[in-house]
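Biologist: I am new to this structure. Could you walk me through it, one question at a time?

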Amino acid sequence: MTLGEYVGRRLLQMIPVILGVTVLVFFMIHLVPGDPARTILGNQATPARVALVRHAWGLDRPLYVQYWKFMGRVAHGNLGDSLFYGVSAGHLVLQRLPVTLWLIILSAIFAVCIAVPLAAVAATKADRAPDHVVRAVPLVGLGFPAFWVGIVLLLIFGLHAGRLFPVGGYGSGFFGHLHSMILPALTVALGLAPILIRSLRASLLEVLESEYVTTARSKGISEKRVMRKHALRNAIISTVSVLGVNIGYLVGGTLVIEQVFALPGIGQLMINSIFQRDFPVVQAVTLVFAVMVVLVYLLTDVAHALLDPRVRFE
Amino acid sequence: MSSITADELEPFIEETAVEHRRGFRHRWYRTPSFVAGVVILGIVVLAALAAPLITKYNPTSQDLLSTLQGPSARHWLGTDDLGRDVWSRLVYGARTDLRVAFLAVVLPFIIGTVLGLLAGYYGGLTDTFASFFVNIVVAFPFYVLIIALVFALGSGTRNIYIAITIVGWVSYTRIIRGEVLVAKRRDYVLAAKSGGLSDFRILFRHLLPNVITQAVIFACSDIVLDILAIVTLGYLGLGVQPPTPDWGNMIASGQTYLTTHWQLSTFPGIAVVFTALGLSLLADGLADLLRPE
């Protein structure tokens, strides 16, 4: 199978999943107890306003008509209008998306920077003291609530320790943004690193026991060089996969962390919209997050197929 | 040649089918992670059960004349902004969060396991459908879907169970499906099939006991995920509703006083980490113990 055919097949497989995602997001409004329009607008809303919203959202029509209209809107990039801001939900999402994307990218970079050296140490010193210590990291690390780690980091680096980082906000200018992103990204990375360490250690051990590494060693190549030139290069393939598989965790992590550090990304938009009972915005952000994850799954598979051609023939 | 009936065949099938549990009784106390997990979790569960005995104050009763006090002999961990005893809230919080987290695992475990069994055993259209729904749920980041569902359903314990069930069954289905795909080609299943046992009997009497191990191990890690989700929802104000004590809303309300009363957010966080560590160690130990020799 050529790379083009592989990508084409994966794209085709994506269509039903995206459709399923839209169905679930669409049905969210029908999970609201009672009359969704009344519940969302609150008891203070006039009957006329409730009727208006009910009609605008098509809640007075049969379900399949509602879904068809919803899909029609989504296909045209219209994710509904915010009840609170009075502008399109899509516009609000687009405005805040860059903050979240930067946070995701920076978190992934930090997580790799933490995980790769630790996993390399653990794999080269398998079953010895450093390995036992590194293996304990996922065991302990996965039990930390990300938002609490954020608060502790805020306490240490934002309020004490020379107030190295701002306690919240997005700063101004490129370096201001970067400066304010370091603590939040570190928080998300600390949550993701234990998962990466576990998978990376396993794949490094596998590579180190493979025949081509034995050959390299038998040629007298130093252990450092074997690690750098052979083992790590191959282990990168699994790092890409593990990062891709955990994109949901990464994205979910940013949602809460943006709230802790008052970062104006789409995670904070979602949480704020929940408190403002701004249903169209919550729906829009949920849909965008899910589509983002599906696209990253696709990109991961393509990257994997590029790095390891065997994947295409499986 | 006399023919063998399905009932006569069953004891032989069962004898070959028991793979995992041998030696568990003799080895559990020699598995450090399992023992450590049991001890840690035991301490938390005991504290939660004995809450009225080890606390002096009602976790919800306010004392506005003694708000934001530091740790003392009267209030071991001090008081919060409403004068409530932090130690009492911490211990009663363990009751709430542990109960919700343990119960939240039950439905996803059952639904996911049954769907995984069916998808793996029958394959074909059943498997295609199950995998389709799995892929849809997996497309959503865990917290995004949980938070969106709790928002739509409304906050409160019952809706947390529903949201976690909608999201949580997927992992069990994936694990069990994978295990069944391997197990259904093994001799004892083939023997049961050729012996004429019904699909129901093969699935639940023979396959289930052999594939359930991985799901049980995962359930321990899943409780950790659920505790974190419940605490996160509590922190965001979408989980267990005040004044019921919950570690998440304790951390959230303490965050306002971070500069002056750091202990208000720190102790509930440590309680979460301690409990999660106990469960993770238990899962790790179980995985070691139940691994086929």
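**A tour by question and answer**

Biologist: Leaving aside neighbours within four places in sequence, which residues is Tyr172(B) in contact with?

Modeller: This is a predicted model. Contact here means C-beta atoms within 7 Å. Leaving aside neighbours within four places in sequence, the partners of Tyr172(B) are Pro108(B), Phe109(B), Gly112(B), Thr113(B), Gly116(B), Ala215(B) and Phe218(B).

Biologist: Is Tyr172(B) buried or exposed?

Modeller: Tyr172(B) sits in helix H8 of chain B, residues 157–183. A residue needs 20 or more other C-beta atoms within 10 Å to count as buried. Tyr172(B) has 25 of them, so its class is buried.

Biologist: How far apart in space are Tyr172(B) and Ala191(B)?

Modeller: In sequence, 19 residues separate Tyr172(B) and Ala191(B). From C-alpha to C-alpha, their distance in space is 27 Å.

Biologist: Which residues touch the most other members of the largest nonpolar core?

Modeller: That core has 177 residues. Helix H10 of chain B, residues 199–236, gives the most to it, with 21 residues. One of the residues asked for, Val285(A), touches Val93(A), Ile266(A), Leu269(A) and Met270(A), not counting residues up to four places away in sequence. The residues that touch the most other members are Val285(A), Val293(A) and Ile146(B).

Biologist: How many charged residues are on the side of chain A that touches chain B?

Modeller: The contact takes 35 residues from chain A and 35 residues from chain B. Helices H1, H6, H7, H11, H12 and H13 of chain A each supply at least two residues of chain A's side. By class, that side has 29 nonpolar and six polar residues, and the number of charged ones is: none.

Biologist: How many helices and strands does chain A have?

Modeller: Read along the sequence, the pattern of chain A is α-α-α-α-α-α-α-α-α-α-α-α-α. The count is 13 helices and zero strands.

Biologist: Where does the kink in H5(A) lie?

Modeller: Helix H5 of chain A covers residues 89–124, 36 residues in total. Its first and last C-alpha are 50 Å apart, close to the 52 Å expected at 1.5 Å a residue. The kink is about 40° and comes shortly before the proline Pro98(A), at Arg96(A).

Biologist: What percentage of the residues of chain A count as buried?

Modeller: The C-alpha atoms of chain A fill a box of roughly 80 × 55 × 35 Å along the principal axes. Chain A has 314 residues, and the buried share is 39%.

Technical notes: Residues are numbered from 1 along each chain as its sequence is written. Chains are lettered from A and ligands numbered from 1 in the order in which they are written. This is a predicted model: local features need pLDDT of at least 70, side-chain atom pairs count only at pLDDT 80 or more; totals for chains, interfaces and linings use all residues. Two residues are in contact if their C-beta atoms, placed from the backbone, lie within 7 Å. Helices (H or I, at least four residues) and strands (E, at least two) are DSSP runs, numbered from the N terminus. Ala, Val, Leu, Ile, Met, Phe, Trp, Tyr, Cys and Pro count as nonpolar, Asp, Glu, Lys and Arg as charged, and the others, Gly among them, as polar. The expected span of a helix is 1.5 Å times one less than its number of residues. The bend at a residue is the angle between axes fitted to the seven residues ending there and the seven starting there. A residue is buried if 20 or more other C-beta atoms lie within 10 Å of its own, exposed if 12 or fewer, and partly exposed in between; C-beta atoms are placed from the backbone. A nonpolar core is a set of buried Ala, Val, Leu, Ile, Met, Phe, Trp, Tyr and Cys residues joined through C-beta atoms within 7 Å.
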